[in-house]
Amino acid sequence: MDGSKARVLVIHPSAHMRRLIITLMAALGVKSCEEARSTVQAIPLVLKNLPNLIVIDLGGDSTEALLFAHRLRRGEFGHADTSVLGISPSSHHAMLELAWEAGISDMVPTPISAIEIIQRAGALIEESHRRKPLGGTRSAAE
């Protein structure tokens, strides 16, 4: 999988975790990675860069992260079909159901596994590539 044209946004309150995930994205060949501490900080980055994949933490305030995914899916910002990889300390059925209802594409439990992040992110980037070419054009509304 060639992720060199993919754009990834990592939303996590921990600078250490953001750097770790960005390093894992580099293993996929991703050259364009941005980071945000919160969903509020992330929205302008989504609008500006139209990422192919958003990696978001659901561990702190999961309500904020789920609302972000829901608003993305409703088309309030960015592309409604942008892949979203959630990172959650809970693999409880109720949490997974809430995540899928909000529009999270896939979930990875914590503590994270580097291999699992790389595999799932790679699959979501590949899926994004099939939906629209990486680095594709912006919509007329943008």
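Author: Happy to. A nonpolar core here is a set of buried Ala, Val, Leu, Ile, Met, Phe, Trp, Tyr and Cys residues joined through side-chain atoms within 4.5 Å. Buried means under 20% relative accessible area, exposed means over 50%, and partly exposed lies in between, with a 1.4 Å probe and protein chains only. The model is predicted, so local features need pLDDT of at least 70 and side-chain atom pairs count only at pLDDT 80 or more, while totals for chains, interfaces and linings use all residues. Residues are numbered from 1 along each chain as its sequence is written, and side-chain values use heavy atoms, with hydrogens and water left out.

Now to the core itself. The largest nonpolar core has 22 residues, and those with the most contacts inside it are Leu9, Ile11, Ile54, Ile56, Phe68 and Ile104. Two or more residues each come from strand E1 (7-11), helix H2 (39-49), strand E3 (53-57), H3 and H4. Of these, H3 gives the most, with five residues. Helices (H or I, at least four residues) and strands (E, at least two) are DSSP runs, numbered from the N terminus. A second, separate core of 18 residues includes Ile22, Ile117, Ala121 and Ile125.

Beyond its neighbours within four places in sequence, Leu9 is in contact with Glu34, Glu35, Ala36, Ala42, Leu45, Val46, Pro51, Leu53, Ile54 and Val55, where contact means heavy atoms within 4.5 Å. Two of those partners, Leu53 and Ile54, fall within strand E3 (53-57).

Leu50 lies in the loop between H2 and E3. Leu50 has a positive phi of about 45° although it is not a glycine, and at 4% relative accessibility it counts as buried.

Phe68 takes us to the aromatic side of things. The structure holds one aromatic pair. Phe68 and Phe77 form that pair, which is tilted, with 5.1 Å centre to centre and 40° between the planes. For this label, rings of Phe, Tyr and Trp (its six-membered ring) pair if their centres lie within 6.5 Å; planes under 30 degrees apart count as stacked, over 60 as edge-to-face and the rest as tilted. Phe68 is buried because its relative accessible area is 3%, and Phe77 also counts as buried at 3%.

Next, the helix packing. Two packed helices are described by the angle between their axes and the distance between the axes. Helix H3 (residues 62-73) and helix H4 (residues 93-102) pack at an angle of about 30°, with their axes 8 Å apart. That makes H3 roughly parallel to H4. The axes are lines fitted to C-alpha atoms, for helices over the stretch in contact, and angles run from 0 to 180 degrees between N-to-C directions. Angles under 35 degrees count as roughly parallel, over 145 as roughly antiparallel, 65 to 115 as roughly perpendicular and the rest as oblique.

On the H3 side, Ser62, Leu66, Ala69, His70 and Arg73 meet Met95, Leu98, Ala99 and Ala102 of H4. The residues of this contact divide into six nonpolar, two polar and one charged. In this sorting, Ala, Val, Leu, Ile, Met, Phe, Trp, Tyr, Cys and Pro count as nonpolar, Asp, Glu, Lys and Arg as charged, and the others, Gly among them, as polar.

Glu64 also lies in helix H3, yet it counts as partly exposed at 29% relative accessibility. Leaving aside neighbours within four places in sequence, Glu64 is in contact with Ser38, Thr39 and Val40.

Ser88 counts as buried at 1% relative accessibility. Not counting residues up to four places away in sequence, Ser88 touches Leu58, Met95, Met107, Val108, Pro109 and Thr110.

Thr110 brings up one more backbone detail: the peptide bond from Thr110 to Pro111 is cis, with omega near 0°. Pro111 is found in the loop between strand E5 (106-109) and H5. Glu64 and Pro111 are 47 residues apart in sequence and 21 Å apart in space, C-alpha to C-alpha.

Finally, a stop at Val30, which sits in the loop between helix H1 (15-27) and strand E2 (32-36). Val30 counts as buried at 7% relative accessibility. Beyond four places in sequence, Val30 is in contact with Gly3, Ala6, Val8, Met25 and Ile125, and Ile125 belongs to the second core.
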